[in-house]
Amino acid sequence: MSFIKSKFHHPRIPTNDLGLNYRDYEGSLSTLCAGCGHDAITSAVVQACFELSVPPHQVAKMSGIGCSSKSPNYFLNKAHGFNSVHGRMPSVATGANMANRDLIYLGMSGDGDSASIGLGQFSHVVRRQLNMLYMVANNGVYGLTKGQLAATADKGVTNKAGELSLFTDIDLCIMALQLGATFVARSFSGDKKQLVPLIKAAISHQGFAYIDIISPCVTFNNHKDSTRSYDYVHEHITTAAIADFVPMKKEITSDCASGEGEDICLHDGSLMRIRKIQDDYQTTDPMQAIVDIAKYKKKGEILTGLFYLDPTATHYHEINNTCDMPLNQLTQDALCPGSRVLTGINNSFR
Amino acid sequence: MTPPDTLKFSSQCQATNNFVVRFANTNGTGSASANNMFAKAILRMGIPVSAKNIFPSNIQGMPTWYEVRISEDNFLARRGGNSEIVVAMNAQSLKEDICSVACGGFLLYDSSRALTEDDIRADIQYLPIPISIICQKEYKDPRQRQLFKNVVYIGALAALLNIEFDVLKSLVADQFKGKDKLITPNIYALELGYQYANQHFTCPLSIKVERRDLINNRIMVDGNTATGLGAVYGGATVVGWYPITPSTSVIEKFSSYCDRLRIDPATGKKNYALVQAEDELAAIGIAIGAGWNGARAFTATSGPGISLMSEFLGLAYFAEIPVVLVNVQRAGPSTGMPTRTQQSDIIACAYASHGDTKHVLLFPQDPTECFEFSALAFDLADQLQTPIIIMSDLDLGMNDHLTEEFSWDDNKSYNLGKVLTAQQLDDIENYGRYKDSDGDGICYRTLPGTHPEKGAFFTRGTSRNEYAGYTEKSSDYVHNMERLLKKFDTASQIVPVPEINQGHKLAQIGLIYFGTSAHAIAETKTQLKDHGLAADTLRIRAFPFNDAVSEFINNHQLLFVIEQNRDGQMRSLLINEQEISPEKLSSIANCDGLPMTSTFIVQGVLDKLSGDYSAKQVS
Ligand SMILES: Cc1ncc(C[n+]2csc(CCOP(=O)(O)OP(=O)(O)O)c2C)c(N)n1
Ligand code: SF4
Ligand SMILES: [Mg+2]
């Protein structure tokens, strides 16, 4: 059980469009290690949902098993959560989404959960174009089982126990791009300024959104030789563009002056305002994004930011032509053909 | 070599409305629909009939058999033994097929190729028809030459067995409704065979059919169609699945009925979502996710798929999520005999997954019960908040059975179980997801999105307290595990009760059976009577067992558990769950992959009796 937080509210604490404050978006007190990157992701999710004025109970929090998969317990206490089985969150999220297309699905997984045991499910939920935000806390190890190398660990690095990573790493952003995700980004749990707008845009996106979040494991993968330590990431992180999220209703008052940036209009009318740092930056070509990720990696740098966004994306229910009413709300009248129809069916078997 | 045209050593089989026809074909040649037409023709003449397709795990070119039993007495299980008439259309299996003709029986074969000397049996009668030559002459298109061969022999059988030609004509018309161009050529092919047989043989033979009126309201359909349709009626909206024989057609039928019956008339949109998953783990994961979110959801699988779903079944049991799983059992272990039937997943399903688990199982005996149990399973899943596993099998699922017509009570509404609305949540002081407020082990659940402030909880497969909070406190854990047991006890009171057949004066012998073994029971009783033996019967329809099962066992001296596996799995489950001493239950278990026969059961009873007798003499 997680600890109950103090309910004390500062009288002047700011509220959002729903009249809710930041604390209304919090969860139980985290039981992760102090300094774990995952807790920073939690707080980015809280901030993003608060600022977006998402009704907390309209969110379904889906996860697998791992330290990262516990995180949904630490945000949005008013939302239902489902901590399923190791590597299988994508299928459970698929079923939940089939049952009720109206909720917001936030998936939280780890790199062990998604790149090893759940790689098959990960690939297929991308292909399936499920309307959800899928986040992976990428720490290069299995935190919960005490630091074994994950399939995302860079070839040639050693974990804390001195075990060498012998094989090619799996880059889930590249996989997502290749398999048709319509929103793909990488960020760093320690860079809220970048992460929060990405989460907001991903939630507004109607389609499959993937964010790979480098999230250091302070206990098992923060040593000198690690390429997922806070120090290493701070030194080698690079971004090709800065993205701001401009909600539909707000006037445009973001840091970047207009004219300087390029706007991408999201489904709900919000904008993703991009300020390029590298000249060749683009968000329209997934194959080019793959090349860029690999290019930086070769230089020993971690490229972050929004890699790809298809603002015209579609998703499973549109492809399936599912009715607008959530399936879990259809009544017997709509579902059961009744005895008269059955008579005809019986006659077809005589 | 030409066979003699009369019998030398043996007298011909004589039978009206009581014999077996065995078709030997090559798979992939289109014989299935012709053979099915044959069985349906018997049905339309008012005579009880059953059909078993014995097919290979292969798409084209391997031997396949179709056995039709015609029985005025309604003995519709596989009869076993040799057949009165064999239609041998497969050169590959010809030798074996000739052996499978009963003494005094008939072999209809394609005489375009001559038989060899060892193909000649003196005790059967040969009915040579040059089917290939006829089709070669009549049709230009190679596929047509192939397909119409099947129709030609059906035409010949009509003459030989006295099947009304008009019945066949009406079947062709029904089968090709909408493709009218195909009707005339099919009827022409039937006539080719019919004329040939009439001109060359004395028709009808000494085995034949005669019109009766013995069908009443019954229909002829396979169990998977019934299960798929039951899911439509039961209100299933979300399906995750992965193809595997023999379960695939459950989903295919569900899908095709949904195409007709579940399209929103106003918008043309679907009132269901069918997801072909990447594997069985995902298939059941999808169903569980949907069940958690308040939709009625199911998956169907067989054999290896059950093994893969095991971890998720444990999650659904422990996290208490409604879900329906259709298991169309086939012969295991591993890939086993994928196209043969068995009831060998009883233990694997009753206790699926690690830790202490128990699952609710339903055992339909025929397509009527497949339909009923399939619809019922969604109510039970919602009421009990747990997986409900429908234990069908290949024989039931894929073969056509004569069965009571489906019925539906329009006044009955779905039982959605204990799900709280926003209003109800407002009225509750201190909601706890796993609080047993009613004392039946079943707690109140809430669905995501119901209430802005109340009722949200974290669903997990880890231990939790009554308020869904994570706990490793032993007392909380034990309390929860015992409540789950209490819930299982509640289940025993709402699942289908056993069907018991016993007189005022109890027989010494009690036969316990379930599922498709039911088809052999009436015949078994008749045969036992011939041996001077009487038996009471109990058909298990669900697990957990009802008290009536223990009572029946206590009331009988000599009990047999009849099942289709090697190890007597149902017997083990009874011993384990009802605390019955093992020596009380004898096992009659057939695991050869073919449907149960009465001969096998009777032999099992007799063996036990003579064994007991000789044991008594020794002591
Ligand atoms: C089927 C199964 N196998 C193994 C485990 C043990 N296990 C729990 S978490 C975990 C790895 C988690 O790693 P990751 O997803 O990267 O999460 P992190 O803890 O690093 O955030 C493993 C192997 C399990 N729970 N289930
Ligand atoms: S073990 Fe690592 S990943 Fe897990 S909580 Fe601790 S720091 Fe975070
Ligand atoms: Mg990890």
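Which residues line the second largest cavity? The legends below take that up, along with two other spots. This is a predicted model, where local features need pLDDT of at least 70, side-chain atom pairs count only at pLDDT 80 or more, and totals for chains, interfaces and linings use all residues. Residues are numbered from 1 along each chain as its sequence is written, chains are lettered from A and ligands numbered from 1 in the order in which they are written, and side-chain values use heavy atoms, with hydrogens and water left out.

**View 1. The second largest cavity, in chain B.** Its lining is Lys52(B), Asn53(B), Ile54(B), Thr339(B), Arg340(B), Thr341(B), Leu394(B), Asp395(B), Asn399(B), Gly593(B), Leu594(B) and Pro595(B). (A cavity is a set of points on a 1 Å grid over the protein atoms alone where a 1.4 Å probe fits but cannot get out; lining residues have an atom within 4 Å of a point.) The volume is about 70 Å³, counted as the space filled by probe spheres set on the points. The lining splits into 4 nonpolar, 5 polar and 3 charged residues. (Ala, Val, Leu, Ile, Met, Phe, Trp, Tyr, Cys and Pro count as nonpolar, Asp, Glu, Lys and Arg as charged, and the others, Gly among them, as polar.)

**View 2. The largest cavity.** Here there's about 120 Å³ of space. β13(A) gives the largest share of the lining, 4 residues. (Strands are DSSP runs of E, at least two residues, numbered from the N terminus.) The lining residues include Tyr281(A), Asp292(A) and Phe307(A).

**View 3. Around ligand 2.** Among the residues here are Cys33(A), Cys36(A), His38(A), Cys67(A) and Cys217(A). (Near means a heavy atom within 4 Å.) The shell holds 7 nonpolar and 4 polar residues, and no charged ones.

Note on methods. 1 Å grid on protein atoms, 1.4 Å probe; cavity = no way out; pocket = protein on both sides within 12 Å on 5 of 7 lines; lining within 4 Å.
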